[in-house]
Amino acid sequence: MDSPSPRAVVAGASGFVGRHLVDALASDGYEVIRIGRSEQVRWDDQPAVDAAVDGADVVVNLAGKSVNCRYTDANRDEILASRVRTTTALHAAVSRAAAPPRLWLNSSTATIYLHATDRPNTESTGELGAGFSVDVAREWERVFFEGHLPATRRVSLRMAIVVGDGPATRMLLTLARIGLGGPQHDGWTPAHRRYRGIGQNPTGTTAPWYRTRGRQRFTWIHIDDVIGAIRFLDHSTDLSGPVNLAAPTPTDNRTLMRTLRRVVGAPFGLPSMRWMLELAMWVLRTEPELVLKSRWVLPERLTEAGYRFVRTDLEDALREIAASGRVRRRPAPRTRCVRS
């Protein structure tokens, strides 16, 4: 008699990373159960969430409102609440499970580290920053790591900007195509409070600014390496705690924008001052922080554990995306869902 397939639970499966991950886990032989607002296991049905998690081998939580939006008060509250709410629900399910999962991977963000131009942040030497985005990440990880779950290894995925057929890459390509593909200079801006702290211990008040001259660091990771790193963490037995998901080849904003201009064939790129970006990002309904914060993060723990990155050339990756319009994925094997 055939043994049942191992079970993987994926929350946030309808998102950019989630879609790729569901395909990968299914191809690896997992029975994939999805949790989401419109999935057959829904967040408003805690007994169904408990049943999905009990007996699962792996739980991966990618759920949370996208940060690619304007940080209005309503969006700020939902960005934080969506992450805390889903992580809390899964934490309760794991703690009550008769057969708890051996591994729980919970999304986080490399934006948790401070704006850095003088040295990279690693898991062992990195310093946490301040302000809205950092506070969201702190609270997210606090809820994830609280309590004692002795049978479940927990890993927080501090993910850099993901390059692939997703919103971050499309936004960057759009900026280059509309003529804003020059270096982006941080600098003075009228004071606003969209980036003020949030959560139990808020940090930061008004939006900070730095004279970066387009030299702010850009840390990224290709979607193939996000999936590869998750597979690596699934098969390892000793990695737990925060893990940086970031390519070992970060660049800076000037180099990034020059590369984007080459990729889209833009004849010029207008250098953008902070005040110009404030206007452009208002039109695009997103935030200048996404391109102005200096994110310099290295994957110390993954590299030391032996993971080998497969996509380290940013220009090659961007050319592939721009040429195809959308990265084609292999048809996903049919996955099964537990009915609530």
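## Exercises on helix packing and nonpolar cores

In helix H5 (residues 167-177), the residues Thr 169, Met 171, Leu 172, Leu 173, Leu 175 and Ala 176 are buried, where buried means under 20% relative accessible area, with a 1.4 Å probe and protein chains only. The model is predicted, so that local features need pLDDT of at least 70, side-chain atom pairs count only at pLDDT 80 or more, and totals for chains, interfaces and linings use all residues. Residues are numbered from 1 along each chain as its sequence is written, and side-chain values use heavy atoms, with hydrogens and water left out.

**Exercise 1.** Describe how H5 packs with helix H11 (residues 314-324).

*Solution.* Begin with the geometry: the axes, which are lines fitted to C-alpha atoms over the stretch in contact, lie 11 Å apart at an angle of about 80 degrees. H5 and H11 are therefore roughly perpendicular to each other, a class that covers 65 to 115 degrees. Next, list the residues in contact (heavy atoms within 4.5 Å): H5 supplies Thr 169, Leu 173 and Arg 177, and H11 supplies Leu 318, Ile 321 and Ala 322. Sorted by class, this contact has 4 nonpolar, 1 polar and 1 charged residues. Finally, look just after H5, where Gly 179 takes a positive phi of about 95 degrees.

**Exercise 2.** Work out the surroundings of helix H2 (residues 46-53) and its crossing with helix H3 (residues 73-96).

*Solution.* First identify the buried residues of H2, which are Ala 48, Val 49, Asp 50, Ala 52 and Val 53; these pack against S1, strand S2 (31-35), S3 and H3. Then take the axes of H2 and H3, which come within 9 Å and cross at roughly 55 degrees. H2 and H3 are therefore oblique to each other, and the crossing is right-handed. The contact involves Gln 46, Val 49, Asp 50 and Val 53 of H2, together with Ala 89, Leu 90, Ala 92, Ala 93, Val 94 and Arg 96 of H3. These residues divide into 7 nonpolar, 1 polar and 2 charged.

**Exercise 3.** Characterise the largest nonpolar core.

*Solution.* A nonpolar core is a set of buried Ala, Val, Leu, Ile, Met, Phe, Trp, Tyr and Cys residues joined through side-chain atoms within 4.5 Å. The largest has 42 residues, and Val 226 and Leu 245 have the most contacts inside it. Its contributors of at least two residues each include strand S1 (7-11), helix H1 (16-27) and helix H6 (223-235), and the largest share, 7 residues, comes from H1. Not counting residues up to four places away in sequence, Val 226 touches Val 17, Met 159, Val 162, Ile 221 and Leu 245. Apart from this core lies another, of 34 residues, among them Ile 161, Phe 218, Met 257 and Leu 314.

Terms used:
Buried < 20%, exposed > 50% of the residue type's maximum accessible area, 1.4 Å probe, protein only. Helix = DSSP H or I, 4+ residues; strand = E, 2+ residues; numbered from the N terminus. Axes fitted to C-alpha atoms, helices over the stretch in contact; angles between N-to-C directions. Parallel < 35°, antiparallel > 145°, perpendicular 65-115°, else oblique. Left-handed = near helix turned anticlockwise from the far one by under 90°. Nonpolar A, V, L, I, M, F, W, Y, C, P; charged D, E, K, R; others polar.
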